[in-house]
Amino acid sequence: MKTSTATFSIRRGNADGGKFEDYTTEISEGMVVLDAVHRIQATQANDLACRWNCKAGKCGSCSAEINGVPRLMCMTRLNSLPLDKPVTIEPMKTFPLVKDLVTDVSWNFRVKKKIKPFKPRPPDAPDGTWRMAQEDIDRVQEFRKCIECFLCQDVCHVLREHHKHEEFIGPRFLVYAAALEMHPLDTEDRLEDLKKADGIGYCNITKCCTKVCPEDITITDNAIIPLKERVVDRYYDPVKRLLRRFRSKP
Amino acid sequence: MPDYETHEHDVLIIGAGGAGLRAAIEASAAGVRVGMICKSLLGKAHTVMAEGGIAAALANVDDRDNWKVHFSDTMRGGQYVNNWRMAELHAKEAPDRVRELEKWGAVFDRTPDGRILQRNFGGHRYPRLAHVGDRTGLELIRTLQDHGVHQGIDVYMEHTVVTLLKDGERVSGALAYERERGRFKVFKAKAVVLATGGLGRAFKITSNSWEGTGDGVGLGYDAGAELIDMEFVQFHPTGMVWPPSVVGILVTEGVRGEGGILTNKEGKRFMFDSIPDNYKSQTADNAAEGWRYCQGDKNARRPPELLTRDHVARCIVREIKEGRGSPHGGVFLDIAWIKEHIKDSAEHIQRKLPSMYHQFKQLADIDITKEPMEVGPTTHYAMGGIRVDPDSQMSNVPGLFAAGECAAGINGANRLGGNSLSDIIVFGKRAGEYAAKFAKENGAGQASEGQIEAAVSRALEPFERGAGKGGAEGPYQVQSDLQEMMQDLVGIVRNGEEMERALEGLGKLWERADKCAVHGHREYNPGWHTAIDLRNLLTCSEAITRSAIVRKESRGAHFREDCENKEAAFANVNTVVSKASDGTMQVRLEPIPAMPDHLKQIIEEMK
């Protein structure tokens, strides 16, 4: 088997400070970035912190910025990167740094908890089950492929550059809200929240999130834009606005 | 006195995969205060890796299916050393647990009339696996997680439990550390549920993530819980074999359920030549019939690729050993061939097996709609684990419960694919229910300062050794040598002499583990985590090896070349591992309680 070496420039340190350190390690055919990080961890830096679990692109734990691009380390093949210069590996920038490649993503869990949960209609059949056509759930299943790697949150400029974490839930949770809103059984109404607390208006459809999604979810076109349309239909449709005005006067 | 925070709960759940989440939801619904500790972030547990589906006799696709068929399939797959009561409860309750997931928002693939679709899987007589493409585990964990976070459960992410705390005989809590800062926390609890999953990391080639270090088995054993069936480790027949960095990653049995075939380098479907006698009546003997089965023909028998995992894995090993393997030391798994039967086969495969398509395309540059995959066996699942009461899931330690992969009994000598996702929701629920009941009926126990102090200082020992002079070795080397040894000496094909060597090796590895050192500080330090996990891996490895030595026969996943046949003497016994008062590990054989007549009758009828 062909072996050679490559150099990885990894951001070490915590929120108080840190720097890039170079590690040169042996590489072999088929390796991904996470393999290189593991090899460095096992042989040169036992205390190098990184998250990972499945190593197969299914759990969304090993998100990082590789040569400046938000990606899963386990799904980034070394042969897709230029190895004549050091490969830089950095933690996601949108979230507070814990240590090395590990960031504090707890904000995401708090945001999710605020979104109104699934509320199904009464069962369709006497045995307590429902009927749904496959074509009516295809879209929802696309959204439910999400592995919560939070790369879309990382790349979203509303969060990354403008730090609107308190006013905007980010692409991941717009996809989550869309999966609930478009679920054929769901009866909950989340449009007011989307407009106000969730800040859907902040998204200006630059589609950066769609580009980095490792699950190829069409975040902007299939989730965010239809949700925006629903919000617009309810709150900004001139006819409905007029009707609402009449209705509100007894 | 060591510095730590204290948290109090009625029920403490250790592990947040499907079993832990389901237990937490149930305990919380019973009105007790629930804490749940997860080693990773919530929703990342190994359950996400389950691909093929959840086995439940819903009879949506084939109305001949019912719990009795599922029960007898499970017992046959387990070679009848299963806990029959667990197999019965599992088969009866799985359909309700699956329907409940739908109520909580899961979106399963549908039948043409809008019900939950079910697919074929190895060892299941009828199409029985509710699924979502090939990412069923993700759907299950996300559904439980999104439902669970609204049930008032306190979740402690990225915490590792170092030891269970006891008050006399009963359990009274756990000592854990928080990975982010390395701080210790004492969790006081009236009942504890272990739901820590598997132990695949004891072997070199495994489908398990870093978390699969057998923590529940190790913690439970140290607290006095008995283990059973530890010799039965499932080697999944189809893991990736190339490129080297992905060796062991799972290739779902769903590929074969959708019509995928196994061939050797001569292009021969070798499984047709190796159908065991007790499956002959249910297995197709020609390609045409096998294909018809995969297409839903109720009169066709299933193809031999869908025989049980233990058997298929051994046939693959045989092909490789006898020189008929693929270039990278596996065999071929071909789903692309279905283009002979299906017009838009590429699109069909991508729809049915999206994550397999993705996985091979990205990690191996292989388009599975056009060319065959190369696959070989990978350590996948532990049938053995903590011995539990079948109804309540309580171990022999009062207040200590276990559910899911770290508990044992339902699977016997071999687990059928799809039975683990149903296992975790059926017995996760039961564990949560009975743990809550125990907590209500029993007051809080005490955890002595001495116990806590001793555990804290033991956990910190690797740092002291790291600070000292001299080049003490790190934990990674010990772990990797253990994995190498277990793979070589206690793997798919075993013999007594090699396993005795493994036992000696384990003695030395224990010594090295006791001397290994870590550097740096306690904040998010993977070296330290590995040093702590290592002890659990060693406990599991020793229990596997000792049990496998005692079972002098071949049965299910346990195959010995020095005794290749099933022996009547072992047909009705379980191996039981326990910790003697002097701290040594003891193994004994114990007879399986006689099966009641109504269950015997079902097995007779389904033969």
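## Overall fold of chain B

Of the 607 residues of chain B, 62% are buried, where buried stands for 20 or more other C-beta atoms within 10 Å of a residue's own, the C-beta atoms being placed from the backbone. The model is predicted, so local features need pLDDT of at least 70 and side-chain atom pairs pLDDT 80 or more, while totals for chains, interfaces and linings use all residues. Residues are numbered from 1 along each chain as its sequence is written, and chains are lettered from A and ligands numbered from 1 in the order in which they are written.

Chain B holds 16 helices and 19 strands; these are DSSP runs numbered from the N terminus, with at least four residues (H or I) for a helix and at least two (E) for a strand. The C-alpha trace spans about 70 × 55 × 50 Å along its principal axes.

Contacts (C-beta atoms, placed from the backbone, within 7 Å) were counted in chain B between residues at least 6 apart in sequence, and 74% of them join residues at least 24 apart.

Strand E9 of chain B covers residues 184-194, and nine of its eleven residues are buried. Pairing of two strands requires at least two bridges found by DSSP.

Strand E1 (residues 4-14) runs parallel to E9(B) and is joined to it by ten bridges; in one of these, B:Glu5 has B:Lys185 as its partner.

Strand E8 (residues 170-178) is antiparallel to E9(B), with five bridges, and B:Tyr177 has B:Phe184 as its bridge partner. E8(B) and E9(B) form a hairpin with five residues between them, and B:Gly182 in the turn has a positive phi of about 75 degrees.

## Contact with chain A

The contact takes 49 residues from chain B and 46 from chain A. On the side of chain B, the elements giving two or more residues are helices H3 (84-103), H4 (136-148), H10 (354-364) and H15 (526-550).

By class, this side of chain B has 19 nonpolar, 16 polar and 14 charged residues. Ala, Val, Leu, Ile, Met, Phe, Trp, Tyr, Cys and Pro count as nonpolar, Asp, Glu, Lys and Arg as charged, and the others, Gly among them, as polar.

Definitions and conventions
A residue is buried if 20 or more other C-beta atoms lie within 10 Å of its own, exposed if 12 or fewer, and partly exposed in between; C-beta atoms are placed from the backbone. Two residues are in contact if their C-beta atoms, placed from the backbone, lie within 7 Å.
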